[in-house]
Amino acid sequence: MASWRWFAARIAGAVLTLLGVTIVVFVVLRTIPGDAISAALGIESGTLTPAQHAALEHYYGVDKPWIAQLVSWIGQLLQGNLGVSLTSGKPVAGLIGKALPVTVELAVLAAAIGTAAGVLLGMFAGSRPGHVRDSVTQGAGLLGLAIPEFVLGTVTVTLLAEAFAYFPDTGEYVPLTESVSGNLSQMLYPALVLSVGFAANVMRTTRSEYVEVAGADFIRTARGKGLRPGRIRLAYLLRNALVPIVTLTGIQFGYLLGGTVIIEQIFALPGMGRLLFTSINDRDYPIVQSTVLVIAALFVAINLIVDVLYRVIDPRTRET
Amino acid sequence: MTALPPQAVDAGPAAAPATARRDRLLTRVWRDPNGRIGVVVMTVMIVVGVLGAAQVLGHDPIDQHPEVRLRGPSGANWFGTDQFGRDILARTAEGIATSLRVAAVSVAIACVIGSVLGITAGFFGGWLDQVVGRLIDILFAFPAILLALAVVSALGSGWQNTAIAIAVVYTPIFARVARGPTLSVATAEYIKASRVLGIPIRRVLWRHVLPNVSPPIVVQTTLALSWAILTESALSFLGLGTQPPQPSLGLMVSDARDIVSIAWWTLAFPAAAIVLAVIGLNLLGDGLRSALDPRRESP
């Protein structure tokens, strides 16, 4: 009962946050650059037909006060109308529909590799605090956090080209359902590059949680009872270290969704990040605001899922 | 403020109480192995950055010398030259200066505004806390780099706008970091006592609340600086940050993309500078954390 009330409150909070996000996006991207369409049309007017021009003006309702613009924009959003690209005239919803699967797959792949590697390395380092393996893993982790994705990506692309004559596939995205090898040849390397920072973060959290939990009384008790070390490690240590790891993984996953901009740029992947980047350069504000909004919405949804997840993992959090 | 000169650690205990407390913090950071490396690395970075900004490294970072293009590291050009014959050392040093300037400005803005918001919201509670809390939640709903990109796309490129974008991202983080401990300090006996004694509220906040909530803010500052350096270089790499010909580490890496296979030094030195700065700040943060953590205080 109380659980349902908590859940409803959490969802209401998420919806409220999303409304706030919409307003922030509106304020940042609409009011600051002034009249986005006339600015864009001043340069690009030749590429748009009068009908598109009229449609855009109608969509923006530029003559109305900003609060009316905001309300009508949210109304349109709720109907799934994300507007029309200023440069290509295509519906933004369609462009995002094509780009989103690329980014989601990239993020999922990177998160899966990063979590697996991070948890394993964290347990490896945390099982012998102060040991050589601990220092080496920690040093590698620090390096993994400090190397920017764009450096790692650039180096990877160069090495792949030199050693294997592999070049980023600039063609269309090949879905996993169409060709597994074709898909992975596009996605594996960028996902690996993205997973390094992710793994480093997960590793550090896993290690510190693991060390902290290992010192707890119930672990000593479990040892005293003569439980097998393997069982202690998984059922006692890892389970108790899991809450912060899940939280971190969730947050990191959200950041991955936004942080793919650079990697998609380097590896020429037609995802959300690349869409956002090209539309920023083209001052194509309908695309910019919609991509930002979609990613933020996903981020809010992921945070909600993480909250629910750790109530499942850690019964103690259910009491409050 | 991250440039804690090592010799300051040796200041005697005869200093005034406030200095003595700061000295003890410095001593403790210095005693922490990670903190010590962090202090050394950041001191070196700042010295190199200042030398680069003062342009006393023997080469101009912008002057092109086509006759010496793509030369490897040598006695004349320690870090080699790029495709326009520009000295990589001078450019890296000036790039470090740019990165540090953007990081310092943005984090200073975020730290001041965020801490003030967080402390007032946590201390006074009520509708103010509700509004600030909601705002924090909303800004937290954006992945950080995405928010920075959105702000930059609205404001345009250039280092000032990059600094503003990073400040926008970090303000809610500082607000949250400051708000948490303020909540518990606000109900403490000594705060109630000072209120009863009629001490002006601003003085209570400044003298009693701020010192008690500052440790996490100080630690957060070093992390924020390292993130700011990464973000500045990422935005510059994408061409949305510092604009050429002004050297910037991200831009140098981007310029090196097509030539790195024949001229490794064009990528290696600017990339190493970013990595070093981020590692230095993280280690400094580790040192500060253990220096400020009462649980780790030696008896």
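In chain A of this predicted model, helices H7(A) and H10(A) cross in a right-handed sense; a crossing is right-handed if the near helix is turned clockwise from the far one by less than a right angle, and left-handed if anticlockwise. Helices here are DSSP runs (H or I, at least four residues), numbered from the N terminus. H7(A) covers residues 149-164 and H10(A) covers residues 229-266. Their axes lie 10 Å apart, at an angle of about 20°. Axes are lines fitted to C-alpha atoms over the stretch in contact, and angles run from 0 to 180 degrees between N-to-C directions. The two helices are therefore roughly parallel (under 35 degrees; over 145 is roughly antiparallel, 65 to 115 roughly perpendicular, the rest oblique).

H7(A) brings A:Glu149, A:Phe150, A:Gly153, A:Thr154 and A:Val157 to this contact. H10(A) brings A:Gly259, A:Ile262, A:Ile263 and A:Ile266. Contact requires C-beta atoms, placed from the backbone, within 7 Å. By class, 5 of these residues are nonpolar, 3 polar and 1 charged. Ala, Val, Leu, Ile, Met, Phe, Trp, Tyr, Cys and Pro count as nonpolar, Asp, Glu, Lys and Arg as charged, and the others, Gly among them, as polar.

Helix H4(A) spans residues 66-78. Its 13 residues should span 18 Å at 1.5 Å a residue, and the end C-alpha atoms are 18 Å apart, so the two values agree. The expected span is 1.5 Å times one less than the number of residues. Just after H4(A), A:Gly80 has a positive phi of about 85°.

In chain B, the axes of H3(B) (residues 88-124) and H10(B) come within 10 Å and cross at roughly 30°. That angle makes H3(B) roughly parallel to H10(B). The crossing is right-handed. From H3(B), B:Ile88, B:Thr92, B:Gly95, B:Ile96 and B:Ser99 take part. They meet B:Trp265, B:Thr266, B:Phe269, B:Pro270, B:Ala273 and B:Ala277 of H10(B). This contact holds 7 nonpolar residues, 4 polar and no charged.

The contact between the chains takes 35 residues from chain A and 32 from chain B. On the chain B side, H4 (126-140), H5 (144-155), H8 (201-237) and H10 (265-292) each supply at least two residues. H5(B) gives the largest share, 9 residues. That side of chain B has 25 nonpolar, 4 polar and 3 charged residues.

Residues are numbered from 1 along each chain as its sequence is written, and chains are lettered from A and ligands numbered from 1 in the order written. Local features need pLDDT of at least 70 and side-chain atom pairs count only at pLDDT 80 or more, while totals for chains, interfaces and linings use all residues.

How values were computed. Two residues are in contact if their C-beta atoms, placed from the backbone, lie within 7 Å.
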